Amino acid sequence: MLREDALRAIYPRLKEQIVVTIMGAVAVELYNLGHRPNFFYLEHGMGLASSMGLGLALSLPERPVTVLDGDASLLMNLGTLSTMARYRPPNLTHIIFDNESLLSVGGFPSATTTGTDLAGVARESGIRHVTRADTVEAVEEAYAAAAERPALSVIHSKVEAVGPPSFAMDIGLLENRFEFARHLRGGQP
Amino acid sequence: MPVSSVNSQIIYDALKDAGVSIISALPETWLVHLVGMADADPEVTLVRLNKEEEGVGISAGAHLAGRKSAMLMQNHGLLTSVNGIVSLAQLYRIPLLMLVSYRGEMGERDPWQTEGGLVTERVLDALGIMYRKMSDPALAARDIRQAQTLAESSLRPVALLLTRELMWEE
Ligand SMILES: Cc1ncc(C[n+]2csc(CCOP(=O)(O)OP(=O)(O)O)c2C)c(N)n1
């Protein structure tokens with residue numbers, strides 16, 4: 001499965017959510033599907049997209065939040081899974097796109113190639129709703145279920161290590177940041 | 001335990017007065033009362049972390065959502081958070097109110113704290129983070145209010161170093 005195809009399938013639901021992505025390939029893929037003021041692309045701070053998603057979910061308990069994470073980014077901050085499990089905000093969905101690769105820096109193999117099972121790590125960290133979804137249909141179904149479920153959900157998806165030819169996006173980092181904040185604060189800066 | 005509960009209460013009340021409603025923390029001895037106060041306070045969301053750098057993400061989410069937050073950590077937690085501070089908070093102009101217990105400074109008896117004590121202020125300087133050492137309880141409320149004000153106006157991290165004189169009673 002291509003991550004791009006999985007994203008396209010869930011885009012109609014993503015549009016309605018506060019979304020935080022990691023840097024590089026996945027950010028561009030979402031951006032190219034259609035930018036929204038409720039999308040934030042964390043273009044650095046490797047590992048922290050999930051922590052930001054947790055901060056957002058705890059701060060805005062009435063709003064659904066989705067994190068689009070990568071295997072290497074999550075491996076850099078594995079403790080985030082147990083912090084999420086500890087507070088289990090019901091409005092948070094954490095999608096891990098596992099391409100077994102550090103794709104955005106040239107495609108080095110990550111530790112998920114040698115047996116680390118991130119769904120297993122999530123489950124054993126104490127997260128109750130963890131779904132493996134390796135086809136477009138499965139991702140669509142798992143994300144629909146997560147969006148309806150008033151509980152912290154993790155979706156772990158194996159995807160091909162393929163991304164866009166360029167990571168350039170026609171939006172500045174701070175432009176994205178201020179637009180996102182203004183949107184979340186209902187028009188207040 | 002000779003951690004000052006009186007001064008911890010002064011610090012905690014000042015955080016509340018500054019409008020802080022989310023506190024992330026990784027415990028250390030000097031922070032025991034502060035973490036306990038946050039835990040017992042229904043108006044405050046306490047996020048206990050596994051690693052201090054996670055707190056940068058928590059505070060970034062809180063800030064963008066319009067909520068004021070603070071981070072409780074020791075100076076070794078600051079060292080552990082450096083990339084998050086640079087590559088999230090500073091890159092994206094996120095205010096952080098960091099309350100950092102200053103271990104390894106004058107009077108430190110634990111040998112393992114001493115290297116961190118040596119580098120703390122120089123790391124803050126290198127990062128371009130404005131900081132103040134807090135040692136006088138009579139000025140603690142002012143120090144916290146001013147740090148919070150500066151963090152919000154500059155959209156940058158600001159650090160308050162909680163010294164032995166403030167936190168420890170012997
Ligand atoms: C602290 C830090 N180390 C290294 C990098 C370089 N870097 C940028 S993206 C990336 C890989 C991300 O891999 P993954 O999360 O699996 O996402 P993918 O690129 O495969 O979509 C790395 C190592 C960085 N930005 N920050």
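How many residues does the contact take from chain B and from chain A? The contact takes 29 residues from chain B and 31 residues from chain A, where contact means heavy atoms within 4.5 Å. This is a predicted model, so to speak of local features needs pLDDT of at least 70 and side-chain atom pairs count only at pLDDT 80 or more, while totals for chains, interfaces and linings use all residues. Residues are numbered from 1 along each chain as its sequence is written, chains are lettered from A in the order in which they are written, and side-chain values use heavy atoms, leaving out hydrogens and water.

**Where the chains meet**

- Chain B and chain A bury about 2400 Å² between them, 63% of it on carbon and sulfur atoms; buried area is the accessible area (1.4 Å probe) that two parts lose on being put together, summed over both.
- Glu54(B), Leu64(B) and Tyr92(B) supply 30% of the area that chain B buries against chain A, more than any other three residues.
- The side of chain B that touches chain A divides into 15 nonpolar, nine polar and five charged residues; Ala, Val, Leu, Ile, Met, Phe, Trp, Tyr, Cys and Pro count as nonpolar, Asp, Glu, Lys and Arg as charged, and the others, Gly among them, as polar.

**The sheet of chain B**

- Six strands make an open sheet in the order β2-β1-β3-β4-β6-β5 (chain B), with parallel pairing. Helices (H or I, at least four residues) and strands (E, at least two) are DSSP runs, numbered from the N terminus, and two strands pair if DSSP finds at least two bridges between them.
- At the edges are β2 and β5 (130-134) of chain B, each pairing on one side only.
- β5(B) pairs with β6 (residues 157-162) of chain B in the parallel sense over five bridges, and Met134(B) stands opposite Leu162(B) in β6(B).
- α3(B) lies across β1, β2, β3 and β4 (96-101) of chain B, at about 170° to β3(B). Axes are lines fitted to C-alpha atoms, for helices over the stretch in contact, and angles run from 0 to 180 degrees between N-to-C directions.

**The sheet of chain A**

- Chain A has an open sheet of six strands too, in the order β2-β1-β3-β4-β8-β7, and the pairing is parallel.
- Its edge strands are β2 (39-41) and β7 (129-132) of chain A.
- In β2(A), Phe39(A) is the bridge partner of Val19(A).
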